[in-house]
Amino acid sequence: MIDTFATNGTQELLVQLSALLEQELRYQPKLSGLRIIETAHDNGLRMTARLRDFEVKDLLSLIQFFGFRTETFSLAVNYLDRFLSKMKVQPKHLGCVGLSCFYLAVKVMEEESNIPLATDLIRISQYRFTVSDLMRMEGILLEKLHGKATTAFHFLQLYCSILCDSINCKRLEAQLKACHCRLILSKAKPSVLALSIMALEAEEEKVPELVEIIQCLRIHSKINSREFSFWKELVSKCLSEYSSSKCSKPSGQKLKWIVSGRTARQLKHSYYRIAHLPTIPETGP
């Protein structure tokens, strides 16, 4: 069936897919570093999976607040996981690292006119470090991570393009965001994570032809069937937990309440869409 793709004018997309597959391992976090984080005790002295996941949810809140793209979020998480898997980051420095990863991804992916000022970003995020701290950390990230990266978003986007209108890509992007909030799924190769999300959606929609095409894409992507089943099960578990009422979800609304009308007037003009919010009283009635 992969030959059918080629005759339908998707040969160029398959060439792009092959190029992404060649690059993905270069931009994947170090598995040994992720395992260290996974097994660390939550004693406030070492980075843990729980702390990392909280930080990613905060970054997702910022993405929602500013209206940035899924691609930007995916890149920010890639930066964060790669850095944490290489460097020994103390919990007290995680906020600065996370926000720097976010800011660097925004500068790479978003329009220049939409990039927030560093002072505004720190104020909205309610961190206590300075612009100088943020810029210094950004310099370290650039030295260690080297710019753009191949992420699960790129595979998801390309797989969706190959399938044309056969699947709801916006829904898949939302599911990818949820998966990024779990450290364990950063251990999967980006291609495997993206295709696992698509396969689960196809199975839920009960479209046999779509399931068959996804299996062809799995073979074309040289993804072992056993490996694929393993990660698909973990993705399914993650999405099930994330959709439950017990799971606390990131929300830009929380940040909108933080940014009162008075604070909004001090921010860049592009944020004035939130200036209608009432100023939160600082004293009692």
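**View 1. The second largest pocket, by class of lining residue.** In this predicted model, the lining of the second largest pocket comprises five nonpolar, four polar and two charged residues, where Ala, Val, Leu, Ile, Met, Phe, Trp, Tyr, Cys and Pro count as nonpolar, Asp, Glu, Lys and Arg as charged, and the others, Gly among them, as polar. A pocket is an open set of points on a 1 Å grid over the protein atoms alone, where a 1.4 Å probe fits, with protein on both sides within 12 Å along at least five of seven lines, and its lining residues have an atom within 4 Å of a point. Residues are numbered from 1 along each chain as its sequence is written. Because the model is predicted, local features need pLDDT of at least 70 and side-chain atom pairs count only at pLDDT 80 or more, while totals for chains, interfaces and linings use all residues.

**View 2. Residues and helices around the second largest pocket.** Among the lining residues are A174, L200, E204 and Y242. Two or more lining residues come from each of α9 (169-180), α10 (190-205) and α12 (225-243), and α12 gives the largest share, five residues. Helices are DSSP runs (H or I, at least four residues) numbered from the N terminus.

**View 3. The largest pocket.** This pocket holds about 280 Å³ of space, a volume being the space filled by probe spheres set on the grid points, which are joined across faces, edges and corners. Of its 15 lining residues, I36, R46, M87, K88 and V89 lie nearest the centre. The elements giving two or more residues to this lining are α2 (31-39) and α4 (70-86).

Methods
Heavy atoms only, no water.
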